[in-house]
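This briefing covers contacts, nonpolar packing and aromatic pairs in the structure shown below. Please read it alongside the sequence and the coordinates.

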Amino acid sequence: MAATASPGAGGMDGKPRTSPKSVKFLFGGLAGMGATVFVQPLDLVKNRMQLSGEGAKTREYKTSFHALTSILKAEGLRGIYTGLSAGLLRQATYTTTRLGIYTVLFERLTGADGTPPGFLLKALIGMTAGATGAFVGTPAEVALIRMTADGRLPADQRRGYKNVFNALVRIAREEGVPTLWRGCIPTMARAVVVNAAQLASYSQSKQFLLDSGYFSDNILLHFCASMISGLVTTAASMPVDIVKTRIQNMRMIDGKPEYKNGLDVLAKVIRYEGFFSLWKGFTPYYARLGPHTVLTFIFLEQMNKAYKRLFLSG
């Protein structure tokens, strides 16, 4: 009888068995959701900082630390996790879609001989996948911005969404379905900027550190290059991010929106709050970027190991 490959050894063609694509996408989304549980407070602080001083008002928070302590004092420990359900849905929609689009495009653009796409093509694939994922994730993003902003308002002005699904239903019912995609252009633009900045700055930082002679190609190099890349990515994407935050949180005043478009947001922020206000919330944004990436990979690795042990081993 012909030898049959055991499940642990590999498939019928002798290649090692791997998890299906659907499982990989699922794990990617779940890993992002797991990481969000830990970094949600930083997201909330970043959003509050970006809305502080809006419309030429006095800034509510002097620093990110002041924002965090003020929120804890006024809203308690649960207060810093406001909007967690929306953060989880954002990861479930954005991360899963981005991974799916990236994988499909990467495989289609891989040569017949197995040659992977070049650097520029990879960057384009990453930006396309990021923008598509951002579009799909915009409704959750709108809910997240509004839920995290609610606590800073007087009680009679709060929207009072109970959870992300209540927020989505109420937004659609009270303001119309298109409002769920309010700010989708800056949301997609941010995803493109983040993907482009991360790819370019990481490879450049890595090469610069190697050329310095103080680093060899090891985990320390990767960590330092990642931190530099995160700094560049944060600086490049924050002006687009504050546009997104302000547009998604805005209300109608006398039947007219607070902002006409993204350029109007930028002009008003610079005019009334100063040029450097475009980088409000820089510290929590940067502090969130690294841990979220690291935790996502840790959770992803553990889920892959568990799946392999439970379903692919003999």
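Leaving out residues up to four places away in sequence, Asn-249 touches Leu-51, Ile-145, Arg-146, Ala-149, Arg-152 and Arg-159, where contact means heavy atoms within 4.5 Å. The model is a predicted one, in which local features need pLDDT of at least 70 and side-chain atom pairs count only at pLDDT 80 or more, while totals for chains, interfaces and linings use all residues. Residues are numbered from 1 along each chain as its sequence is written, and side-chain values use heavy atoms, with hydrogens and water left out.

- Asn-249 lies in helix 7, residues 219-249 (helices are DSSP runs of H or I with at least four residues, strands are runs of E with at least two, and both are numbered from the N terminus).
- Asn-249 counts as buried because its relative accessibility is 9%, given that buried means under 20% relative accessible area, exposed over 50% and partly exposed in between, with a 1.4 Å probe and protein chains only.
- Asp-254, in the loop between strand 1 (252-253) and strand 2 (256-257), has a positive phi near 55 degrees although it is not a glycine, and at 78% relative accessibility Asp-254 counts as exposed.

**Nonpolar cores**

- The largest nonpolar core has 13 residues, of which Ala-86, Ala-143, Val-164 and Leu-168 touch the most other members; such a core is a set of buried Ala, Val, Leu, Ile, Met, Phe, Trp, Tyr and Cys residues joined through side-chain atoms within 4.5 Å.
- Helix 3 (84-108), helix 4 (119-149) and helix 5 (164-175) each supply at least two residues of this core, and the largest share, five residues, comes from helix 4.
- Ala-143, leaving aside neighbours within four places in sequence, is in contact with Ala-86, Val-164, Ala-167 and Leu-168.
- Another core lies apart from this one and has eight residues, among them Ile-247, Met-250, Val-265 and Leu-278.

**Aromatic pairs**

- The whole structure holds nine aromatic pairs, counting rings of Phe, Tyr and Trp (its six-membered ring) whose centres lie within 6.5 Å, with planes under 30 degrees apart taken as stacked, over 60 as edge-to-face and the rest as tilted.
- Phe-282 and Tyr-286 form a tilted pair, at 6.3 Å centre to centre and 35 degrees between the planes, and both lie in helix 9 (residues 282-312), four residues apart.
- Tyr-307 and Phe-311 form a tilted pair, at 4.9 Å centre to centre and 40 degrees between the planes; Tyr-307 is buried at 17%, whereas Phe-311 is exposed at 52%.
- Ring pairs link Phe-27, Tyr-307 and Phe-311 into a cluster.
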